[in-house]
Amino acid sequence: MTTEPVAGSEFIAHEAPTLRETSEEIEYEMRSAEGAMWTGGRLVIGIGAFFFGSLAFAYFYLRSSNNEDLWRPNHITAPTGIGAAVFAFVVASALLYGYGTTRLRAGNTLDWEVTGWVTVLGGFTALGLQVWEFTQLSFFPGSSGYASCFIAWGVMNTALILGGLYWLETLLARWLRLRRAVLDDGGPARSTMPVARLFRANLEGCWYFWGFIAFVNLVFWVLFYVI
Amino acid sequence: MNGGGETHHFRRLGVIWAVLAVAFDLVYYFAIGPHVPPGTLTSTASGAQFDFNILFLVAFPVMAAVWVYWAYALIVWRGSKSDLAEPEGGPKSRGHLGIQVGWIATTTVIVLGVFVFGTVELIVPAGAGGGEGPSPIWTPTSHEVLPIQVIGQQWQFTYRYPTFGGFESRQLMVPAGTTIAFHVTSLDVIHSFWAYQLGVKADANPSVDNVAYTTTKQPGAFTVRCGELCGLWHGAMYNFGKVVPKAQFFVWAQSTEHRSAANTKNLPPFAYTYVPDANGANGGYYPDNVDPYSKVETYGATSPGK
Amino acid sequence: MAIDTRESVSAEHSGHTAPPVRPTRRRPGWLGPHLGRALVGAVGGYAFGHWIGNVIGSGYINVQGSGQNDVAIVLGLSIGVVGWLAGAGMLDYPLAKIAGREPLPPAPSKSWTRYLGPALDHKVIGLQYTVVVLLFFFTGGLLAMAIRTELLNPTSHVFGPGTYISVVSEHGTIMMMMASSIVIGPLGNWLVPLMIGSRRMAFPRVESFSLWIFAAGYLVILAALPLGGFPTGWTGYAPLQTQATGGMDAYLVGFAVIGIGMICAGFNLLATIINYRAPGMTWSRVPIFVWSVLATAALLTLATPTLVAAGLFGVLDRTAQTAFFVNEHGGSSYLWENLFWFFGHPEVYIMALPGFGIVAEIFPVFTRKPLFGYRIAAAGMIGVALLSFFVWQHHIFQSGINPDMRPLFMLTTELISIPTGFIFLNTMGTLWKAKIRYEVPMLFALAMGFNFLIGGISGVFLSDVPVNVTVHGSFFVLAHFHYTIMGGLVFAFFGGLYYWLPKMTGKMMDRRLGKWHFWAMFIFFNLTFLPLFLVGLLGQPRRVFEYAQNLQTLNDVSSVSAFFLGASFLIFVFNFVKSIFLEPKPAPPNPWNSLGLEWQTPTPVPAYNFARIPVVLADPYHYGTSDGQAVADLGPRTLSLAGVVAPAAGALDAQAVTGEEGSADPRPPIA
Ligand code: HEM
Ligand SMILES: [Cu+2]
Ligand SMILES: [Cu+2]
């Protein structure tokens, strides 16, 4: 979902090498590319919102229908400890990553690198816990409406966290390769290199997305464990 | 002809349209309308017919307006090979405030009119024969309502008459001049009870009691078809029913109740919904040693509450 | 100070000088990504997934001895899709990205084989889409012929009930989910960048991905047939869905796969339209077709996730044995109906809006007049898109769900016909005192108006709850949506093909054959579907293979006409093959004398579309004015003319922005 556009038209460089772009054209296309990053990042959140909105709809629909009194017999609950741990890891990762991003804006690359990789670790831990939780359930998937929704939540949250991790990891990996060139050009916060500008736009989108992941986890943590 | 003024075109269009619309509407109202399905066997059937006709009387002039205009334009304003001059463009032909506002206002008025009409026609006849869910909010005024349960299953309908000991029949008999409450449910997948000439349609969902009302008028025959795709033999899921005079109905109901008493005893007691054996129709959700009817069973695992 | 546009660009500002990061590796020749490798990947993936599924599932009682292991089928199909995508090279960059690599520059191929592999050029992808969408459409069409054959006789049968219901279900699914839901695949992808003055798509890899995953979806949906077919129609109602055999898994996986494709296609188009408009391409100059694509893309992107989620629930019910749609276990059969139609109704407008856009684009050209009420047309499309999220329960009026909400959904449904009706205001206003040229695209556009009027008005009948009691679930509904989709969208689509193919392929389609195709399609379409309104009113339910004896005449009229309707597409295919391959007649760059920006490019359009980023000066509809104003400056000396590029701190060559107007520079040579 985060395929990066290259500044300008790849085809100009390739098909018509003698047709040089003016700096103005390159700037125009750069801004389009940055804008597309921005739009794309927000759209991903929109897509996610409708995806998880559907699960929330299912949750409330089955809860209010309570067919055969089988929405949630005995108020069964998925393992609260694991659930809280998943929630805590996700939120902590998102906050940490947000902190790292602000540090990067202030020009501190090392902080960002460290927080970024720690976030990846935290995300993977949450992911592992989320999957492990499936083996610790005290109910069968088909035993109630709650159980069904919970199984779907586990699958969907795994996919969500995996997506966030992929985005974050590719950013960090790209950064490792850009590092030297960008640092020579004024650092990630100020460099005017196209790769650096797109990197900044991407970083921003990724941060918003992690915010979204944390929000979704908060909502469903409340739905499944608290109430 | 291209040179004609605006009013000139408008006048001609208006006349053609008015003549056509009025003429066709008259023909429709008197010659076609009374024969429109689903007929007049019940209150809801004639209601549906009436609504359809009213909608048609409104819709035809609208369609005629568009078609007359198009036909006129296609003939009068066709380009010719010799005349290559472009028509008059400019800001005037990009939009005309009056026409645009008029268009929106007109369509809005028509739409709101249709909506109000439809709502009245839905609420007054108590749901107009459509499925109203387990607890209908629009109920018939009649005090004598005959409940009949319709049970859909792959691939047939059966009918239970709770006022006659709850016997179950594959024949649908309905008394004339009576308000009927159809309680529609299913034992497996979604079906739809479509009693065509009765003007009744209600989906049959498992575990759901979907109620639809109608009031029969004169005796007559009708068809019941399944109106929701329900698998292989959906196309063959139909039978025929009859509206018969009240006396005849009572004779039939009482004799059937009597004849099938032995069978009725073996049926599950009458209820608005039936939960089939959980290891049956929907198959295999429970381990063998587990009681599927227990509300609190957590199936072998320790319940956190215990 | 004037600047020289030919001035070479300093390294820091160029995206093309040696990138600091090593790009992905490119494998040469037959090992590289292409269709054949994709097929191998699909088969291999299926086998692998099926094996894993058997390992996982074989321990469970309900799988043992049942002859059906849904886990194996689902995993087989899913991993098959992944294999297909890997074979098509769709995973190369996403995987290389994990190691931080840059994307590959576009493949330098000029040969026709570039159409068989991954592409970055939106025009290549657009043509790939054209071919696959026509393939979907003709597959669905053949199945329709089978349906009409069965319905020739009320009681004697050509197919068994199982085969028949599978054929109906495949027809509906392929047509609804694949053929008509993605007509912005061919036309939108091909045209949008050209229409907005862009050299590229925002996310060309996402675009290409959407194409390939759509193609995979086609294979998955077809795979339902050898897996036993599925009995639910395209709507897939549960619990029939839960009960059905292996083919149902293909339906569910297929929906998810197609849904991802729809999301990706919409995502890329949205990002492109919002961000890649040329300077001067303001929102009030954007061609109306682009507005329609914008609205459609928004629906694709935001409504489809619900379908994917619903599909996931269905898959879980069938594999992990959850109980989302099973009332007896705390689920609800209504849940699927709600989720499906919450996606499903926006989906039907996904199948309408592009048609509006195409027709509104064709009308001005062939009447030589500006589009009447441009703003209203654009506002109408956005209005339709918004409202379409609030009408879904009109599909389930008789289900017993929320009976008290029926007046509300009746209202929203009828309200949506107001913005829908704007298309008539636009076209009728444009016809006023026009000079109509009856070229083939115009004929299709006019026919779309005729058909869609019937479709739309019958929709208002359907939305009236008392009338809905009689017509719901009957052939009346079927006639309604064939009038809107086939009569509306498909007519517009073919009109659009006749209109734009000269630009897309560089060859003129034969005019006489086009007219033959048109008249055959128009007459037999109406003869096929008009009787079906009556058939429905007279009590024939949808998706049945037996019907009342007295309806045979009407059904036979419809069936026979349907065969002729099917045959009319042979004229199109013949025309296509003849005009493009056998006796190609080169098309001039602007055969219809249109003002559209896409027509101002040379034919064939170079890969980079525009040698210079154009500066747009006007909307493409100022026909009939003598001011001779150009739509766009295609060789602008400076973009700041339009005042769009403002100087950015440090990043922008200050000279470029403040460059004053001077004598026009000659355009740089194109290599
Ligand atoms: C004036 C605008 C429209 C109105 C008021 C309208 C209304 C309706 C209603 C009320 C139904 C439900 C019928 C039933 O099952 O009882 C329906 C079904 C349907 N409509 Fe429309 N409609 C409109 C336009 C469209 C358009 C533009 C399309 C597609 C291009 C479309 C495609 C469909 C489809 C596919 C179905 C049936 C789906 C199914 O059951 O398989 N409609 N329409
Ligand atoms: Cu049925
Ligand atoms: Cu709808």
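Because the model is predicted, local features need pLDDT of at least 70 and side-chain atom pairs count only at pLDDT 80 or more, while totals for chains, interfaces and linings use all residues. Residues are numbered from 1 along each chain as its sequence is written, chains are lettered from A and ligands numbered from 1 in the order in which they are written, and side-chain values use heavy atoms, with hydrogens and water left out.

The interface of chain B and chain C involves 99 residues from chain B and 99 residues from chain C, where contact means heavy atoms within 4.5 Å. About 8300 Å² is buried between the two chains, 67% of it on carbon and sulfur atoms. Buried area is the accessible area, taken with a 1.4 Å probe, that two parts lose on being put together, summed over both. Across this interface, 23 residue pairs are in polar contact, with both residues at pLDDT 80 or more. A polar contact is a pair of N or O atoms within 3.5 Å; within protein, one must be able to donate a hydrogen and the other to accept it, and residues adjacent in sequence count only if both atoms are side-chain atoms. On the side of chain B that touches chain C, the elements giving two or more residues are α1 (6-32), α2 (43-76), α3 (97-123), β7 (200-204) and β9 (220-226) of chain B. Of these, α2(B) supplies the largest share, 16 residues. Helices (H or I, at least four residues) and strands (E, at least two) are DSSP runs, numbered from the N terminus.

Chain B and chain C are also joined by two salt bridges. A salt bridge is a side-chain nitrogen of Lys or Arg within 4 Å of a carboxyl oxygen of Asp or Glu. One links B:Glu132 to C:Arg406, at 3.4 Å from N to O. In another, the side chains of B:Arg94 and C:Asp619 meet at 2.8 Å, N to O. This pair crosses between chains, from B:Arg94 in the loop between α2 and α3 of chain B to C:Asp619 in the loop between β1 and β2 (632-633) of chain C. B:Arg94 is partly exposed, with a relative accessible area of 27%, whereas C:Asp619 is buried, at 9%. Buried means under 20% relative accessible area, exposed over 50%, and partly exposed in between (1.4 Å probe, protein chains only). Salt bridges that share partners join A:Glu25, A:Glu29, C:Arg199 and C:Arg612 into one network.

Over all chains the structure holds 17 salt bridges. Within chain A, A:Arg31 pairs with A:Glu27, the closest N and O atoms being 2.5 Å apart. These two residues are separated by about one helical turn because they are four residues apart in helix α2 (residues 23-65) of chain A. A:Arg31 counts as partly exposed, at 26% relative accessibility, and A:Glu27 counts as buried, at 3%. A:Glu34 forms a salt bridge with A:Arg197, with the closest N and O atoms 3.1 Å apart. A:Glu34 lies in helix α2 of chain A and A:Arg197 in helix α6 (residues 194-226) of chain A, so the pair ties together parts that are 163 residues apart in sequence. A:Glu34 is partly exposed, with a relative accessible area of 22%, and A:Arg197 is buried, with 8%.

C:Asn609 lies in the loop between α19 and β1 of chain C; its phi is near 65°, a positive value in a residue other than glycine. C:Asn609 counts as buried, at 2% relative accessibility.

On the surface, C:Leu35, C:Leu39, C:Trp112, C:Leu116 and C:Leu219 form a nonpolar patch with about 460 Å² of accessible area together. Patches are made of residues with over 30% relative accessible area and no salt bridge; like charges are joined within 9 Å, and nonpolar side chains (Val, Leu, Ile, Met, Phe, Trp, Tyr) within 5 Å. Accessible areas come from the Shrake-Rupley method with a 1.4 Å probe, and for residues only the protein chains shown count as cover. C:Leu39 is in helix α1 (residues 35-57) of chain C and counts as partly exposed, at 41% relative accessibility.
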